[in-house]
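Me: I would like to go through some of the terms used for a protein structure. Please set each value against its definition.

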Amino acid sequence: MAKTYRPRIPKPFRIPRPSTSQAEAARSAWLRPDVLSIAAGALIAAVAPLERFDYVARGLTASALADAAPSPQVLLVTASPEALRDGLCERSLPGLLERGRARGALLVPPADAFCGGEAAGRAAGAAPVVRMPPGLLRLSAGEVVGFFPLAAEPRAAELGALGVSAAPWVIKKAPQSVPAVSLRDLADGQVPATALEGRVAVVGVGAGGVPPQAVATSALPPAKGIAAVLGGLLDGGRRAAAPAWVPALFVLLAGGVVWLARRRHGSLVATAALFLVTFALAAGQSVLAARAEASLLPLPSTLFGLAVAFAGVMILRGLAVQRSVDRAAELIQRAALFRMQGVHTLPDEEFWPRVARLAEQAHPADLVLVAELPAGSWHLRFWNDQHGGESLVAERRHDVRRPPYSSDQGVPAVRLARRFLTKQDMPAVVVPLIAFGEIEGYVFFCGPVAESTFSREPERAEHVGRELALLLRRKRLARTAEAGAGGAGEGRGGHSPADDLVEGARVALDDLQLFGSMLRNAPVGLLYADAFGDVRFVAPEFAKWLRARDVVVPAESASAALPPGSLTLGDVLGATSASGAAVSLSSVMASDEGIELSVSAPEPAVLSVRPLRRESDGSSWIAGYVAALIPVKQPAPVSGNVRPLAARDATDPLCAFQLGDVVADAVASAARATGRAVRLEPIRGATHALGHRGELAQVLEAFLIDVASRGLPGHGPVVSVREAPQGVQLSILDVGFGLGLPESALQRVLTAPGAAPAGLEPLGRLILAVEDSHGQAELKTNDGWGITLTVTLLRAHPRAFVAAPEAGKPAAQQNVIAIGRAGPK
């Protein structure tokens, strides 16, 4: 016989047998809330804590099952008040009982006071006549349901002879089925005395002069109730409480049915099963009570136990699932702050205003309008109507095939429109948002500020338009793909949507904690802004630096996240204006490597801002921005007569720039700061110079502010920039004698600018910056016409370069050379 050889698994790679884990799972299954709730419900049904309600329910059950057949054991005898006052009952009742060979008589108050009872003399062997003792009746809901035991009652033996015994509940006779006669009719012979043969006469007060068929209903309580209960007792209607294990077993079985229905078919079928078992409980109680003596269940306690079991199977589990779903939804909502790439998930009412805010940060304008070109349409749809929006546009058709949206030849291009708005004096820069040859929309920069910026830097509008177009295209393509893949109602890989929700919430929570920990514990200040330029995360060090520069920073949440719109990247870049090196968001957009700025207050640091680009399908777009505030270590202290040489290449590199632009900005800033006129002569030449632009701009502005503030009113400094054979020269004529010191003190500044006399520190810092940029400075007195400071910097020659083709655009022709600036924008 062939043998089968099985490879032996090494010990380190063996796994436990499934039976072990199954046994552990079986043991832990008893500790589940639904199983425990079923056991608790069975225990409640066995203990029956609702004793008072159970008593009433048993009485109602016994009353509801009343027997409609007439009783041969009981006869209700009614006596009118007139007959009782005449002594008819006391005179005739003993003789009637004897002639009719009755079993005896039970006198019900108040008839017992007129019929004599045991006080009347009776012959030996006569039928007993017993007054009903107090405390005999068991009442439920105002009706007689049974009799209490009367072991200490002197007439207990005679009551036993009448059939009255302890019975908690009795299936009584229906009141209309109890035989009843009038005592007057018996005494007058209208009803033969033989009607009492073998019966117990229950004597009570009733109305007189009623028809014979209404005698039973005319009896006053509790006579008719006692007759009905005694008749049912004598006919075998005694009932008692069922054993405690009966309702407990029922709850266990019913809870198991509901649990199985909930597990196999869901909550709706389980609820239907609950109604079925409740109906079965009511029907089973009726069947049992009609046939067995110990059969009355504690219905309220049983229903309460069943409710506890149902709550464990359905409600507690449902609450646990709902709590888990709510927690997962809360975590996913918090994690939504981290989903920066999902621009397509934003509704249009939130997406387009954020696009407008991004455009406002990137390009100066008095008013910014954005418009969408819907798919398959030629007419624009304006979104940001809070500024007037579409009502400000003079051209009502909004057809992109017509001017000013396109040229006369129908080609969309960036252009300046004069009569685009209803305000004829407000120009507008029309920027089509084109991505891969398709128009996604338009952005309009309106106002004189937008016109001056466009005339000075036309490439800024192109950069902004390209990035906005890629953002819009990304949103449109993502929504199209999402709509195409929609309709899947179940999770992937066989998982339910609830499992995917919980798993996504767990991953989101991990990411949230990791990102928050990274921001709080980073050695440098970090900042993150999304694709719309809204700051979403800011580290405490960065927030401290912003608050020191009077920038309002909202209070951070537990995850260090900020809501959209509370702080923008434009606000952060605007905070660098105090250092004289402020830049715009468009400069960050145009540079893949980002920008680095040197800031001094409150401590020297380097602010680095870079765009985060994503690439897909041959295109590249900005998905967000990241900034870092890196502190600069202070050099070790040196002797007072030694000036250390600072390395500036990392913070403010040596580069080529237009000195005329730097001087113009410094003159304008000094005039605004002092409120005095600072005259700038026409700039002659291209003035391309080599040096540390950031440092020169900062110290030049400080020097002009100092000179202008100390000069005579109306005699501010005169500044001129020109190209000379030696290089690019900057001349500053102090016609108001703002320096206020003799020529010997000025010469000392030239010799030792690092130890300038009091009042000449701005001049010393300017000379140091010029020398660090490999330039030279000289001072000259003009015989009563003021003092002239001449600064000469190295000339930089601009270069012609071939523009590299951008992603998604065709390369330029071989014989075309693009002329651009060599320095940074």
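**Terms and cut-offs**

Reply: R101 is exposed, because its relative accessible area is 55% and exposed means over 50%, buried under 20%, and partly exposed in between (1.4 Å probe, protein chains only). This is a predicted model, in which local features need pLDDT of at least 70 and side-chain atom pairs count only at pLDDT 80 or more, while totals for chains, interfaces and linings use all residues. Residues are numbered from 1 along each chain as its sequence is written, and side-chain values use heavy atoms, with hydrogens and water left out.

Me: Where does R101 lie, and what is its phi?

Reply: R101 lies in the loop between α5 (88–99) and β2. Its phi is positive, about 50°, although R101 is not a glycine. Most residues other than glycine have a negative phi.

Me: Why is D550 called exposed?

Reply: The relative accessible area of D550 is 72%, and the cut-off for exposed is over 50%, so the word applies. D550 is in the loop between α18 (540–548) and α19 (569–574). D550 has a positive phi of about 65° and is not a glycine.

Me: Why is D706 called buried?

Reply: D706 has a relative accessible area of 18%, and buried means under 20%, so D706 counts as buried. D706 lies in helix α22 (residues 693–710); a helix here is a DSSP run of H or I with at least four residues, a strand a run of E with at least two, and both are numbered from the N terminus.

Me: Which residues does D706 touch, not counting residues up to four places away in sequence?

Reply: D706 touches G759 and P762, where contact means heavy atoms within 4.5 Å. D706 and P762 are 56 residues apart along the chain, and their C-alpha atoms are separated by 7.2 Å.

Me: What makes α11 roughly antiparallel to α12?

Reply: Helix α11 (residues 245–265) and helix α12 (residues 267–291) pack at an angle of about 160°, with their axes 7 Å apart. The axes are lines fitted to C-alpha atoms, for helices over the stretch in contact, and angles run from 0 to 180 degrees between N-to-C directions. Angles over 145 degrees count as roughly antiparallel, under 35 as roughly parallel, 65 to 115 as roughly perpendicular and the rest as oblique. The angle therefore makes α11 roughly antiparallel to α12.

Me: Which residues meet where α11 and α12 pack?

Reply: From α11 there are F250, A254, V257, V258, A261, R262 and H265, which meet S267, V269, A270, A273, L274, V277 and L281 in α12. The residues of this contact divide into eleven nonpolar, two polar and one charged. Ala, Val, Leu, Ile, Met, Phe, Trp, Tyr, Cys and Pro count as nonpolar, Asp, Glu, Lys and Arg as charged, and the others, Gly among them, as polar.

Me: At what angle do α21 and α22 pack?

Reply: Helix α21 (residues 659–674) and α22 pack at about 35°, with their axes 9 Å apart. The residues of the contact divide into eleven nonpolar, three polar and two charged.

Me: Where is P110, and what is the peptide bond from P109 to P110?

Reply: P110 is in the loop between β2 (104–107) and α6 (112–115). The bond from P109 to P110 is cis, with omega near 5°. Most peptide bonds are trans.
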